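Here is a friendly walk through one protein model, going from charged pairs to packed helices and then to the core. Keep the structure open beside you as you read.

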Amino acid sequence: MSRISLDPPRTLRYRFANWLVRRKFGAELDPARAMGHHMGVATAYAILEAQALGWKAVPHRLKDLAVMATAVRVGCSWCVDFGSWESTTRGVPLEKLEAVPHWRDSDLFDEEERLVMEYAEAMTADPPEVTDELTAALRRFLSERQLVELTMMIALENLRSRFNGAAGLTGQGFKDRCEIPARPAEGTVAR
């Protein structure tokens, strides 16, 4: 059960924002509904998210793995649910996303991906546990510009995960949308 009501005042501004969210994601998003009680906060947050979509220095697969590792570390089931769906729409295999909680024991990740997830976990620790050695290892793969973007994506996911966790938000079933459809039987044509 959410700790913040998901039934905000249906002002014109909220209804318009809600329409945009439903149009983009096919459903209302519980964090947006919770933030709807304070449209100043909701608007500022939406602007930040819109700006983050324009950050293109780091490949999406790396940012998606960093975001997932952060959400898992914080324990935000809403973020894991939504992040799984969002990442699969960008081509990250669901199998890889499901392996993030035990990435250290999985053969699915290359060295760069492992360093990104380690960095995400280190940043998310309280207090942060980022070391000079970890940052130097990441610099073998990332420029300074990319390191700034990755760091900010992880910080943004900490913002998301911690708001959603404090608000008591849980998954909305987005991950169910990422199931891979069955392959057509041999000799049939997929439509």
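Arg 33 pairs with Asp 30 in a salt bridge (a side-chain nitrogen of Lys or Arg within 4 Å of a carboxyl oxygen of Asp or Glu), with 3.0 Å between the closest N and O atoms. Both residues sit in helix α2 (residues 30-35), three residues apart, or about one turn of the helix. Helices here are DSSP runs of H or I with at least four residues, numbered from the N terminus. Asp 30 counts as buried because its relative accessibility is 11%; buried means under 20% relative accessible area, exposed over 50%, and partly exposed in between, using a 1.4 Å probe and protein chains only.

A word on what you are viewing: this is a predicted model, in which local features need pLDDT of at least 70 and side-chain atom pairs count only at pLDDT 80 or more, while totals for chains, interfaces and linings use all residues. Residues are numbered from 1 along each chain as its sequence is written, and side-chain values use heavy atoms, leaving out hydrogens and water.

The structure holds 15 salt bridges. Another of them links Arg 90 and Glu 86, at 4.0 Å from N to O.

Now find Glu 49 and Arg 160, whose side chains form a salt bridge of 2.7 Å, N to O. Glu 49 belongs to helix α3 and Arg 160 to helix α9, so this pair ties together parts 111 residues apart in sequence. Both residues are buried.

How do these two helices meet? The axes of α3 (residues 39-53) and α9 (residues 144-167) come within 12 Å and cross at roughly 145°; axes are lines fitted to C-alpha atoms over the stretch in contact, with angles running from 0 to 180 degrees between N-to-C directions. Tyr 45, Leu 48, Glu 49 and Ala 52 of α3 make the contact with Met 153, Leu 156, Leu 159 and Arg 160 of α9, where contact means heavy atoms within 4.5 Å.

Helix α9 also holds Leu 150, which counts as buried because its relative accessibility is 0%. Beyond its neighbours within four places in sequence, Leu 150 is in contact with Val 58, Ala 66, Val 116, Tyr 119, Leu 138 and Leu 142.

Leu 150 is among the residues with the most contacts inside the largest nonpolar core, which has 26 residues. Such a core is a set of buried Ala, Val, Leu, Ile, Met, Phe, Trp, Tyr and Cys residues joined through side-chain atoms within 4.5 Å. Its largest share, seven residues, comes from α7.
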